[in-house]
Amino acid sequence: MDIDLDTKRFVKAKLDNTDLTASQACILLWFNNIATNHVKLHSMANWGINNHTSLDDINPFLRRNSVVTAMYNYFGYSIFFQFLREWEEQGLLSKGWSNKQNPYIKCFNQGLKDGIGQHGNIIDLIPYSRFVKFVVKVRMIFMDAFAKHKDQFPGIDGEVCEIWTRIEVIIHMFTNYVSDRLFCRYYPPLA
Amino acid sequence: MFPIGFFVGTILHSLDHCLLEWNLEDALWLDVDDPRFGKMAEIGRITRAGFVEDVPFLYFNKCFKGSNHPFYKNVYEKAAKIDTKFADRMDTCIVK
């Protein structure tokens, strides 16, 4: 997909050497994010929670947030597919989504299996993207504040410093997809 | 507990929802009649309509903004100086 960084407009998109319309590109980008990319954020979040009961005294806010996140992730993954049949019957989905092959959950799993690639040039987008600029700066603020308040966050892994450096990879994965809302804005045709 | 997972599960996750919300203002923009990708558009419409924006009527605070905890307060105040619109949407947990 080609984007003009100066005008922030869609230029062209191809899939397997076939030209795509802006509408088709919009569907593919949207589906790719919700079905295979966004789920990685949910999965990563499971490694950033601590719901041990000892937190009730030290940091009850973190404990409550951790419980909420764990429950949402659990139900999101284990229960979501059960809605598909109902939506098919209501006519919101065509047949096939709820079949035994479970295609939507397969997409989730494929996204998680693929892991997170590195996009080393993401910093180059800072001048063009309000979002990339924000995330890169806030990441540093977050990590500094975390170090300052680490007594409030027990159970931190010993290899934390190495992990911090890998944050770049996550940002790259995320921002590589939608780095600015204007980049992927789809303007429907006038009636 | 990994700080990277903490960052991703709070700030990155909630801002991804923000971009999903702001980039696709109307679920019907996804063309379910497209011969190649219409099925993807179907599930995309449902996701946009039902799973992108905040769940209503939560009885607890789930935002960096408004938190009295020193860590979250500290991060919010500094983030808001960079971009208030994004900072106001940073969540402290996953509930969407």
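Axes here are lines fitted to C-alpha atoms, for helices over the stretch in contact, with angles running from 0 to 180 degrees between N-to-C directions. The model is predicted: local features need pLDDT of at least 70, side-chain atom pairs count only at pLDDT 80 or more, and totals for chains, interfaces and linings use all residues. Residues are numbered from 1 along each chain as its sequence is written, while chains are lettered from A and ligands numbered from 1 in the order in which they are written.

**View 1. α1(A) crosses α1(B).** Helices are DSSP runs (H or I, at least four residues), numbered from the N terminus. The two axes come within 7 Å and cross at roughly 145 degrees. On the α1(A) side, the contact (C-beta atoms, placed from the backbone, within 7 Å) includes His38(A) and Met44(A). Leu12(B) and Asp16(B) are among the residues met in α1(B). By class, this contact has 5 nonpolar, 5 polar and 1 charged residues. Nonpolar means Ala, Val, Leu, Ile, Met, Phe, Trp, Tyr, Cys and Pro; charged means Asp, Glu, Lys and Arg; the others, Gly among them, are polar.

**View 2. The chain B side of the contact with chain A.** Chain B gives 47 residues and chain A gives 61. Elements giving two or more residues on the chain B side are α1 (3-23), α2 and α3 (70-82). The largest share, 14 residues, comes from α1(B). By class, this side has 29 nonpolar, 10 polar and 8 charged residues.

**View 3. Helix α2 of chain B.** Residues 38-50 form this helix of 13 residues. Buried residues (20 or more other C-beta atoms within 10 Å of their own, placed from the backbone) include Met40(B), Ile43(B) and Arg48(B). Their cover includes α1 (22-45) and α5 (103-114) of chain A.

Definitions and conventions. Expected span 1.5 Å × (residues − 1). Buried ≥ 20, exposed ≤ 12 C-beta atoms within 10 Å, placed from the backbone. Contact = placed C-beta atoms within 7 Å.
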